[in-house]
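Hi everyone, thanks for coming. Please have a look at the structure on the screen, and then I'll walk you through one part of it.

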Amino acid sequence: MAVPLLIVDDSSFARKQVLRALPKAWEVDVSQASNGEEALELIAGGKGEIVFLDLTLPVMDGFEVLEAIRARDLPAVVIVISGDIQPEAEARVRKLGAVAFIKKPLDPAELSQVLSDFGIYSA
Amino acid sequence: MTSESTQREVAGLSIELLDEELRDCYQELSNVAVGRAANLLAQLLKNYVIMPIPVVNLLERAELSMALSSIQGAQSVSAVCQGFTGSKISGEALLIFNDASFTDMAELTHFNGEITEQIELELLMDIANIMIGACLKGLADQIDVRFSQGQPYLLGQHINIQELLKNNEAQWDRLLAIELPYELEGRNVNCDLLLLFTENSLPVMHSKVSYLLE
């Protein structure tokens, strides 16, 4: 069965880069959100079993999304894909429950590696 | 390349809109570039930097001061300017500090003496070197160009934004402006990194970016 995958980024260009980097044979049901609030609604609606989350977002940023996921105990495995590469940003999102932190610009090989490391998808 | 752009009135300004897809792409490329600069600044000051959402506009030079979102006209500011050029793209980068920032900046760099104009200038130059360099390189790497940078020079200290922009000699009519308003978390430090690209640079930049959009 296709995995519900949510891509959250305010830039459609960035979302497209993520889409292109997905392993070709991975069966996913992709949804997209351009701010944190939309993302939370989609996750609550079962659209984000796996979430690729940007941090610098309007309305509600990535840190706040992670806090809300935890507070509402929503079932989502979150991989942060961020232009904010400060070690402090990575430490904070890991503390908030993100399983991995990938720096932008996105390297497709790194994304595949992370998916494989967490047993999410292996080619 | 710009045939799809349209006009709209923003706060009384005639800001020419970029094609949305291009604007979005410039914004994202800038986001990655400022991330690198923010990381270096955070290391230097050992303080978390709140990442700005880049503001990308095509506008007339005369409208620049009004278009700046984070610096108000009456505020006292100090700024450094540095030109850059390469791959048929040229422009200048401005780092503008709200003067109220210097007290906290000095504290973060463990400076204990009296904060003189000279000390402020040194802080300004040091930070400008780091941030402008990192940001330009971050942008250039992504669109596969190389910029060489000129010597940074002081645009002014303790003046308002209108005076500051008047001191800026470059007189291109229209430009692509990318505004990056940084803040330091828990600190009273506000600075604006402005990347200004000449109108003549736009065909090359748009084609580099369009390549990424394919």
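**A strand and its neighbours**

Let's start with strand S6 of chain B, residues 89-98: 8 of its 10 residues are buried, so this strand is largely enclosed by the rest of the structure. Do keep in mind that we are looking at a predicted model.

Who are the neighbours? On one hand there is strand S5 of chain B, residues 77-86, which pairs with S6(B) in the antiparallel sense over 10 bridges. To find one of those bridges, look for Val80(B), whose partner in S6(B) is Leu95(B). S5(B) and S6(B) form a hairpin with 2 residues between the strands, and there Ser87(B) takes a positive phi near 50°.

Then there is strand S10 of chain B, residues 190-198, which runs antiparallel to S6(B) and is joined to it by 7 bridges. Here you can look for Ala93(B), whose bridge partner in S10(B) is Leu195(B).

Now let's step back to the whole chain. Chain B has 6 helices and 10 strands, and 39% of its 214 residues are buried. If we take the contacts in chain B with a separation of 6 or more, 72% of them come from residues 24 or more positions apart.

Finally, how many residues of chain B are in contact with chain A? There are 17, and they meet 13 residues of chain A. Helix H1 of chain B, residues 20-45, gives the most to that side, with 11 residues. By type, the side of chain B that touches chain A divides into 9 nonpolar, 5 polar and 3 charged residues.

Notes: Residues are numbered from 1 along each chain as its sequence is written. Chains are lettered from A and ligands numbered from 1 in the order in which they are written. This is a predicted model: local features need pLDDT of at least 70, side-chain atom pairs count only at pLDDT 80 or more; totals for chains, interfaces and linings use all residues. Two residues are in contact if their C-beta atoms, placed from the backbone, lie within 7 Å. Helices (H or I, at least four residues) and strands (E, at least two) are DSSP runs, numbered from the N terminus. Ala, Val, Leu, Ile, Met, Phe, Trp, Tyr, Cys and Pro count as nonpolar, Asp, Glu, Lys and Arg as charged, and the others, Gly among them, as polar. A residue is buried if 20 or more other C-beta atoms lie within 10 Å of its own, exposed if 12 or fewer, and partly exposed in between; C-beta atoms are placed from the backbone. Two strands pair if DSSP finds at least two bridges between them.
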